[in-house]
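Trainee: I would like to learn how to read a protein model feature by feature. Could you walk me through one?

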Amino acid sequence: AAAAQKCFLHIAGMTCASCVSAIERNLQKEDGIVSVLVALMAGKAEIKYRPQFIQPLEIAQLIENLGFEATVIEDHAETEGSVELLITGMTCASCVHNIESRLMRTNGVFYASVALATCKAHIQFDPEVTGPRDIIKIIEEIGFHASLARRVPNAHNLDHKKEIQQWRKSFLCSLVFGIPVLILMIYMLIPDGKHHGSMVLEQNLIPGLSVLNLLFFVLCTFVQFLGGWYFYVQAYKSLKHRTANMDVLIVLATTIAYVYSCVILVVAIAEKAEKSPVTFFDTPPMLFVFIALGRWLEHIAKSKTSEALAKLISLQATEATVVTLGPDHSIIREEQVAVELVQRGDIVKVVPGGKFPVDGKVIEGNSMADESLITGEAMPVTKKPGSTVIAGSINAHGSVLVNATHVGNDTTLSQIVKLVEEAQMSKAPIQQLADKFSGYFVPFIIIISTVTLIAWITIGFINFDIIQKYFPNQSKHVSKAEVVLRFAFQTSITVLSIACPCSLGLA
């Protein structure tokens, strides 16, 4: 018989374990198919076939006839097993060469690279032939000590604690100083009988600086630099990558409103004006309060998902009992190994009350398994020879022997964890749209506000009367040019500040 070859297929449309068994059962009936292994969560199938009887495309067609979509995966890189080991006891380059050459001569190892400086080895292998346990044995036979480089389940980068704290700080900061600003604004809007209340606030402490503007200035300065600090950081990062996101617009509008208000106050004080100018100090605090609140809530929601993820990771068993079988399934010897070291094809013994360490098929024994943590199925599921078991589920009352089919990162549980992690890393489609839109929106708004500025300056110098009617009680000693500039600036700032809440809508 000619040697069997292996092919990998991507299968879409599988929903549960019965789909998997339907595919496996039907393919095994076909001539030329040696073995079929389907991973539900990863949507992949690994099939060994005899090329003289059947070809990968025909296999894909067979799966499609069953009602699923199947495509042949061309590159096998992602389907090879890979492992990272820590090797101690290496002293020089010849040790490295020794280990590498010994591993490369081993059947089933495609690639081995050892780094002396970090004491790490990266090995790619065929999971059908060998596995991490065998590789460690080989390295230890040559006289070195090898262990798995433990990858800490990376839940810590998903708990968003740091972001939650910083946005909360940003929100509370903006709120503490923003509420007085809001009260002052409302207070100024209330039409008062004798106007005595607002008159107190509008009285000048020194010519050109009213009590109101001084309060606004102090409060707004705190919000701008304490509450808005993270916005500045984000905006800077965005501009460094030559993109303009919402943070850029927020920072731009608030900074210009703030700086402009400061400048006209200084000008008014320098001119000793009898009436303090109308400032835009009320814009930044309000914007920062709303947006920081939104960001804070968003990160809280994200961290909830991560808690669930950490719980999922904790479901995994840590150890497994690998057994060696003699004739008619009698156990010759048992050994306890770390779950990461279980290889495909190992026979694992699971005692009553124990967790299934890997995905696999029962070959001996009858039991019930509680799979509620993974499938949500409340009733225990019967397991008899031929049934599939899921890593992380609990074996109820019988001792069973399981042939490991999916180990390490291929188990259902690892795949669920991986999917949740990917979902957290990726953006929602609507968010991508918003970001894409804001990429054009920000420059567009900046252009419009610049155009507004130039347009009003031009109009002012050509026909001063149009602007004159906005400044009826204009004091005589203010020059014409200054009135025009002040008005033009006010209009362009208004465009910027008003465009800013659009980012709220998008958020």
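This is a predicted model: local features need pLDDT of at least 70, side-chain atom pairs count only at pLDDT 80 or more; totals for chains, interfaces and linings use all residues.

Trainee: How many salt bridges does the structure hold?

Mentor: Side chains of opposite charge can pair when their charged atoms come close. The cut-off here is a side-chain nitrogen of Lys or Arg within 4 Å of a carboxyl oxygen of Asp or Glu. The structure holds 12 salt bridges. In one of them, glutamate 46 meets lysine 6 at 3.6 Å, N to O. Glutamate 46 lies in strand 3 (residues 44-49) and lysine 6 in strand 1 (residues 5-12), so this pair ties together parts 40 residues apart in sequence. Strands (E, at least two residues) and helices (H or I, at least four) are DSSP runs, numbered from the N terminus.

Trainee: Is glutamate 46 buried or exposed?

Mentor: Buried means under 20% relative accessible area, exposed over 50%, and partly exposed in between (1.4 Å probe, protein chains only). Glutamate 46 has a relative accessible area of 9%, so it is buried, whereas lysine 6, at 23%, is partly exposed. Both residues belong to a network of salt bridges that links Lys6, Glu46, Lys48, Asp126, Glu128 and Arg344.

Trainee: Which side chain meets lysine 349 in a salt bridge?

Mentor: That is glutamate 334, at 2.8 Å, N to O. Lysine 349 sits in strand 13 (residues 347-350) and glutamate 334 in strand 12 (residues 331-338), so the pair joins parts 15 residues apart in sequence. Lysine 349 is partly exposed at 22%, and glutamate 334 is partly exposed at 43%.

Trainee: How do I read aromatic pairs?

Mentor: A pair of aromatic rings is described by the distance of the centres and the angle of the planes. Rings of Phe, Tyr and Trp (its six-membered ring) pair if their centres lie within 6.5 Å; planes under 30 degrees apart count as stacked, over 60 as edge-to-face and the rest as tilted. A search of the whole structure finds 11 aromatic pairs. Among them, phenylalanine 225 and tyrosine 232 are stacked, 6.4 Å centre to centre with 15° between the planes. Phe217, Phe225, Tyr232, Tyr258 and Phe281 form one aromatic cluster.

Trainee: Which residues form the nonpolar patch on the surface?

Mentor: Patches take residues with over 30% relative accessible area and no salt bridge, joining like charges within 9 Å and nonpolar side chains (Val, Leu, Ile, Met, Phe, Trp, Tyr) within 5 Å. Accessible areas come from the Shrake-Rupley method with a 1.4 Å probe; for residues, only the protein chains shown count as cover. Here Leu205, Ile206, Leu214, Phe217, Val218, Phe222 and Leu226 form the patch, with about 580 Å² of accessible area together. Strand 9 (204-206) and helix 7 (211-227) each give two or more residues, and helix 7 gives the most, with five. Leucine 205, in strand 9, is exposed at 52%.

Trainee: What is the strand order in the open sheet of three strands?

Mentor: The order is 16-15-18, with antiparallel pairing; two strands pair if DSSP finds at least two bridges between them. Strand 16 (381-383) and strand 18 (394-395) are the edge strands, each pairing on one side only.

How values were computed
Residues are numbered from 1 along each chain as its sequence is written. Side-chain values use heavy atoms; hydrogens and water are left out.
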